[in-house]
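Please look over the points below with the sequence and the coordinates open beside them.

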Amino acid sequence: MTVVGGEAVRAASGQGVADSAPLGDDTVLHERLEAAVESVDVLLIEDDAGDAFLAEELLAETALTTHITWVATLKDAREHLKDFRGCVLLDLNLPDAQGLDLLREVLAAAPHAAVVVFTGLDDEHEGVAAVAAGAQDYLVKGQVDGSLLGRSLRYSLERRRADENALQLREARLSARENMRLERGLLPQVLLGRSPLNHRSYYRPGRKRAVVGGDFYDAVEKDGTTHVLIGDVSGHGADEAALGVSLRIAWRTLVMAGVPENDVLPNLEAILVSERAREEMYATLCMASLDTGDERMRLRVLGHPPPMVVHGTSVEETVANPQPPLGVAPVEQVDVDEIVLPRGASILFYTDGLVDAYDGAPPARLEVAGLRRLVTGILEQGVSLHALPEHVVDGAERRNGGPLQDDVAMLLITHGEHGERE
C-alpha cells in the first residue's frame with residue numbers, strides 16, 4: 001500500500017499551513033514553512049497495521065511532504081531497498097527478521113538511505129547499539145509525536161548526506177595522494193648532472209583521468225653515455241599507471257647497472273610481461289642514446305610517435321623503422337636508427353596524447369605531421385624553447401576544441417655543454 005501525506009496535501013483540501021499553528025507563534029510557523037518545501041520518500045517497514053496507521057497519521061501532522069510506502073516484511077522490503085535514497089522507518093520485530101541482524105541487512109541493502117528505528121521496545125542499550133550499527137535515530141512508539149518524528153526524519157536525512165559527503169571527500173583525498181605517489185614514480189628527477197644534454201620536462205593529465213595515466217619518461221647519464229626514455233602504457237587506470245612506474249624504474253635500474261645498451265629493451269620486455277595485470281597490456285616507447293662528444297644519437301622506437309629535431313625555427317620529424325610495441329611480440333633484438341643532433345639543437349620526445357588530438361573537428365587528427373606544423377608555427381612566433389611545451393599543449397587544445405582526452409608527457413632535450421637539473 002502506498003500513502004501520500006503531509007502538509008502540501010492538506011493545503012490542497014483547504015486547510016492551510018497557518019491553520020495548524022497557533023496565531024502569533026512565528027517560530028512554529030517559520031519552521032513549518034521551511035520544512036514544507038521538502039519532499040521525503042519514506043519506506044515504512046512495519047508488520048502491525050495499527051502501528052503503520054499511527055506512523056502515517058503522525059507524519060500527516062508534520063509540515064513535510066511525505067511519500068510513504070508501507071511493507072510488512074523484510075522480504076517485501078527488499079525490492080524497494082535497492083537504490084532507495086529516502087528514509088526507512090524500521091520496526092525491529094518483523095515476522096521474518098528481528099533485532100540488529102535485521103537492521104544490518106537493511107543498512108547493507110540501502111547504503112544511501114537514512115534508517116530510523118521505529119520500535120515498541122524501550123531499551124536504552126538497544127537504542128545505543130542500533131545507532132552504533134548505523135541507524136540515524138532510535139524512536140520508541142508511544143513516546144513520539146508528529147513534530148518529533150518529522151524532525152527526526154529531516155535530521156536523519158541531513159546526517160546521511162553529511163556522512164556521504166565526508167566519505168566522498170575522504171575518497172577524493174586518498175585518490176589525490178595515490179595520484180601523487182604514482183606521478184612521482186612516473187615523472188622522476190632525471191640524472192643528467194654530467195651529461196652534455198639539458199632537459200625540460202612537462203606533464204599534463206587528460207581531462208577524464210581519475211588517476212594519472214601510464215605515460216612515463218626518464219633520462220640517465222652513465223659512463224659517458226646519456227640514455228633517454230619516454231613511453232606510454234596502453235589503456236588508462238591504476239593498473240596502467242602502476243605498470244608505467246614499474247617500467248620506468250626497471251629501465252633506470254638496467255641502465256645504472258651497466259646492462260649493455262642492446263640488452264636493455266629485451267630485459268624490459270620480460271619485466272613488462274611479468275608485471276602486467278592483463279595479457280593484452282603493452283607499452284609504446286622510444287629510447288635514445290648519445291655518447292658524450294658525439295653528435296650521432298641512436299634511436300630505438302617501438303610503436304611510439306617518433307621524436308622531432310628542433311634547430312632554431314626548423315622542425316624535422318625523425319625517421320625510424322617501424323617496430324611493434326613492447327609486450328606485443330617477443331623482443332630479441334631491437335633495430336637501431338641513427339640521427340644527427342648537433343650542438344645547439346634539441347630533440348622533442350612526446351606521448352600520443354598530442355598527436356591524437358582532433359585537428360579542427362572530428363574525425364581528423366593532428367597526427368605527427370600536424371604536430372610538426374604546430375611546433376614550427378609556435379617557434380616562428382618567437383616562443384622560447386623553455387616555454388615550448390606549454391604552448392604546444394595550448395595549441396593542440398585549441399585545435400581539439402577543448403582539453404585533450406589523453407595524458408601528455410613531453411621531454412625536450414637540448415645538446416649543450418653541461419646538463420641542468422630542473
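**Notes on the sheet and its helices**

1. Asn 198 stands opposite Thr 414 in β18. The two strands concerned, β9 and β18 (residues 408–415), pair in the antiparallel sense over 8 bridges, where pairing requires that DSSP finds at least two bridges between two strands. Helices (H or I, at least four residues) and strands (E, at least two) are DSSP runs, numbered from the N terminus.

2. The model is predicted, so that local features need pLDDT of at least 70 and side-chain atom pairs count only at pLDDT 80 or more, while totals for chains, interfaces and linings use all residues. Residues are numbered from 1 along each chain as its sequence is written, and side-chain values use heavy atoms, with hydrogens and water left out.

3. An open sheet is formed by 5 strands in the order β9-β18-β17-β14-β15, with antiparallel pairing. Because β9 and β15 stand at the edges, each with a single partner strand, one side of each is left without a neighbour in the sheet.

4. Arg 204 lies in strand β9 (residues 197–204), and its side chain makes a polar contact with the side chain of Glu 397 at 3.0 Å; such a contact is a pair of N or O atoms within 3.5 Å, one able to donate a hydrogen and the other to accept it within protein, and residues adjacent in sequence count only if both atoms are side-chain atoms. Arg 204 and Ala 409 are 205 residues apart in sequence, yet 6.6 Å apart in space, C-alpha to C-alpha.

5. Just after α10, Gly 382 takes a positive phi of about 90 degrees.
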